[in-house]
Amino acid sequence: MNPLVVVQILLYNEPFDGIDRLLASLEAVDYPLGRWKVVIVNNQCAGFDIAGHFEKKWRAKVGVSLPETVFQVQKNNGFAGGHNSAHAISKTFHPEYIYLLNGDAHVDHQFLWRVVQAAEAHPNAALVQSRILLDQDREKINSIGNALHFLGFGFSKTTDESSLPTFYASGAGVLIRTAMLHGRMFDDGYFMYHDDVDLGWRARLAGHDIVIANDSVIYHHYEFSRSIKKFYWMERNRHLTNLANYKLGTLILIAPAAIIMEFGTLIFAIKGGWAKEKVRSWLHFFKPSTWRWIFRTRYEVAGLRNVTDRVILSKMVGVIENQETNNPFVLYLVNPLMSLYLVILRTLVRW
């Protein structure tokens with residue numbers, strides 16, 4: 001029998017036609033109708049009565065061409081909080097897998113059974129990511145797995161020829177083995193960005209694998225320029241994730257590189273007009289509540305850790321690639337120096 005899967009969809013200001021396109025693609029999915037469910041969480045889409053639209057246009061198709069579907073409207077709790085709310089519903093179905101799907105995506109009709117097939121073939125895989133193509137140009141890859149710089153910068157691998165290791169899976173289209181969640185999906189404190197990095201990092205610390213199912217395809221309407229406006233969340237959460245997951249000795253060893261990089265990101269922020277957001281990310285670490293969160297999370301991580309930082313660093317990179325922010329200074333100076341630093345770091349870290 002096919003494993004039971006719940007597809008979690010998070011909506012935020014998605015237009016009706018985008019939602020219709022997504023649901024129409026789900027109608028065509030060839031996974032057995034009784035073996036998957038859909039949970040949709042609407043993160044307070046401003047100006048759109050999405051719930052009313054769903055009830056009017058799609059509710060009658062549930063159980064006919066769509067699987068059992070739960071629709072929930074709530075205030076905007078971000079990516080992490082939205083999926084945690086969906087997860088609370090998903091758990092009531094007792095699924096073997098949960099698939100996270102962005103509201104601005106749509107799917108190939110074979111995406112689900114292909115990704116489940118990959119998961120079943122890799123029983124130690126906690127996360128199995130689909131091949132995510134750009135909806136605007138389907139000849140281009142949005143993500144076939146994501147690499148992570150040892151200072152916490154995550155980026156998508158966008159070519160099949162990439163030799164960089166996959167450290168984490170994109171939250172835009174990923175299957176999660178529920179038995180390997182270890183109690184929670186995301187921490188609400190992230191709100192948005194780096195929540196999928198943290199999920200992948202915890203999976204790796206627990207000794208699980210992360211796999212890419214290249215024949216499971218989804219199409220994502222992704223725009224980097226829209227994401228970079230969230231500079232505060234990306235910088236704040238990058239530091240939070242490092243502080244939560246690295247051992248203390250590793251944090252001490254990466255500190256010199258981290259300090260140098262802070263000057264670099266400040267210059268980048270000033271040039272891009274995001275200096276205030278960069279300073280806001282620093283101010284977050286002057287709050288006692290931030291450090292309570294860090295110590296609590298470090299305690300959780302220690303409880304699930306089965307892998308050393310030495311192993312973790314072997315799966316990280318010292319370069320930043322495939323980002324619109326790339327420039328000759330990064331490519332020919334920063335990347336080589338940070339790659340050398342990572343080689344030394346891997347030699348020094350024994351824990």
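Modeller: Happy to. Helix α8 gives the most to the lining of the second largest pocket, with 6 residues. This is a predicted model, where local features need pLDDT of at least 70 and side-chain atom pairs pLDDT 80 or more, while totals for chains, interfaces and linings use all residues. Residues are numbered from 1 along each chain as its sequence is written, and side-chain values use heavy atoms, with hydrogens and water left out.

A pocket here is an open set of points on a 1 Å grid over the protein atoms alone, with protein on both sides within 12 Å along at least five of seven lines; lining residues have an atom within 4 Å of a point. In the second largest pocket, 15 residues make up the lining, and H239, L243, A258, E262 and F285 lie nearest its centre. Two elements give two or more residues each: α7 (231–245) and α8 (248–272). Helices are DSSP runs (H or I, at least four residues), numbered from the N terminus.

Now to α7, where 12 of 15 residues are buried, that is, under 20% relative accessible area with a 1.4 Å probe, protein chains only.

Through shared partners, salt bridges join E235, R238, E262 and K278 into one network.

For context, the whole structure holds 18 salt bridges. One of them pairs R202 with D198, with closest N and O atoms 3.1 Å apart. These two residues both sit in helix α5 (residues 195–205), 4 residues apart, about one turn of the helix. An α-helix has 3.6 residues a turn, so residues three or four places apart point the same way. R202 counts as buried because its relative accessibility is 5%, and D198 is buried too, at 1%. Another salt bridge joins the side chains of D309 and R305, at 3.0 Å from N to O, and both of those residues are buried.

Note on methods:
On a 1 Å grid over the protein atoms alone, a cavity is a set of points where a 1.4 Å probe fits but cannot get out, and a pocket is an open set with protein on both sides within 12 Å along at least five of seven lines; lining residues have an atom within 4 Å of a point. Buried means under 20% relative accessible area, exposed over 50%, partly exposed in between (1.4 Å probe, protein chains only). A salt bridge is a side-chain nitrogen of Lys or Arg within 4 Å of a carboxyl oxygen of Asp or Glu.
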